[in-house]
Amino acid sequence: MGGERHVPLCENINKDKICIILCWFGKFPPYFDLFIKSCIYNKTIDFLCFTDQLFTVDAPNIKFVQMTLTEIRDRASRALGFQANLESAYKLCDYKPIYGLLFEDYLGEYEYWGHCDCDMIFGDLRKFLEKYDYTQYDKFLPAGHLSLYRNTKNNSEVFKLNGGLTGDYKKVYQTDSICYFDEAVGVNEIYRTHNISFFQTPLYADIDVRYERYKLQEIWYFPFNRRRLYNLYFYERGINRKQQLFVYEKGGIFRYYIKHGEIYRDEYMYIHLQKRKFFSEDCRAVSDNIIISNQGFFDYDGVVDFETIKRYNKYSGAIKEIKELMPPYLQQWKFALGRRVNKLTRAIKRQKKTSEY
């Protein structure tokens, strides 16, 4: 199957058209307006949002469809041929790889369909898609927060093949447990096992929620050793800088960082905020130049200097970040150990002082 051009789901496919699907139930995140702003900028890509929320936007490339989670589950049951388990919205992450079947009646005119989250802000998507020639791949990008699939019958049913480490697809869709079927242990491994064309390089800024300041998550999605689950990821070191700042700049996502006394800039396909919590006033930024910070979102004049980087994404030292990286139980253990060491030290000093008399 790898790389073949299969029979399309619809004969009227537009070779340049892409539709990205968002399914969201419950209150939108506080920065949803910025997400929509970044969708509007990508005017050559259509966005289709299925939600139980009321939201209107005047943009030709964005469409909201009122739908309940129960209706999504019924669509899944019809597409799969058995009763699907979908009791919570979070379980939708396992359903992302089958959106091509679930929403087939909305996707007839598109060459590619995709799925996304809304805890993210898009950069210039088309720029990266063309740079890496997405049309050469049946699946483009490895992450659940954004992946694209060629809109063909065969490709939309790859999830049924063996190879996923979470088990057979029927098991995935009949359990209420989260199987992470949309990423490495699920559909991605199926594509690799069957040598189906798959672009795996992360092109995005994935922000690590374990740290207070904004740092890129130093975990990438390959290579993969199927026999050893602990080799699921490898760590790419050195991608973060002590002084760095992420911005949305006229439709693009950039990282500014300081190196050897100079300011450099990287561009990313999008930034994934991983459901970070913000203050209520975070969405006041309305310009085309926006600082993306753990303090909120801020308009700026388009010029990033040394002080701007240090002010909005402050580096507080390696010790602080090591503590942030430690799981809570280790932090508690360290605190308890520290207290005992201090108590023992004071006892030794008292004993030494007593012996001097």
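User: What makes Lys91 and Asp94 a salt bridge?

Analyst: A salt bridge is a side-chain nitrogen of Lys or Arg within 4 Å of a carboxyl oxygen of Asp or Glu. The closest N and O atoms of Lys91 and Asp94 are 2.8 Å apart, so the pair meets that definition. One caution: this is a predicted model, in which local features need pLDDT of at least 70 and side-chain atom pairs count only at pLDDT 80 or more, while totals for chains, interfaces and linings use all residues. Residues are numbered from 1 along each chain as its sequence is written, and side-chain values use heavy atoms, with hydrogens and water left out.

User: Why is Lys91 called buried?

Analyst: Buried means under 20% relative accessible area, exposed over 50%, and partly exposed in between (1.4 Å probe, protein chains only). Lys91 has a relative accessible area of 1%, so it is buried. Asp94, at 0%, is therefore buried too.

User: How do you know that Lys320 and Glu212 link distant parts of the chain?

Analyst: Their side chains meet in a salt bridge at 2.7 Å, N to O. Lys320 is in helix H9 (residues 318-325), whereas Glu212 is in the loop between strand E9 (205-206) and strand E10 (219-220), 108 residues apart. Helices (H or I, at least four residues) and strands (E, at least two) are DSSP runs, numbered from the N terminus.

User: Why are Lys320 and Glu212 called partly exposed?

Analyst: Lys320 has a relative accessible area of 29%, so it counts as partly exposed. Glu212 is at 46% relative accessibility and therefore gets that label as well.

User: What makes Lys17, Asp46 and Glu109 one network?

Analyst: Salt bridges that share partners join these residues. One of the bridges pairs Glu109 with Lys17, with the closest N and O atoms 2.7 Å apart. The structure holds 19 salt bridges.

User: Why does His272 count as buried?

Analyst: Its relative accessibility is 6%, so His272 is buried. The residue lies in strand E15 (residues 270-272).

User: What makes the pairing of His272 with Asp206 a polar contact?

Analyst: A polar contact is a pair of N or O atoms within 3.5 Å; within protein, one must be able to donate a hydrogen and the other to accept it, and residues adjacent in sequence count only if both atoms are side-chain atoms. The side chains of His272 and Asp206 make such a contact at 2.8 Å. The His272 side chain also makes one with the side chain of His145, at 3.4 Å.
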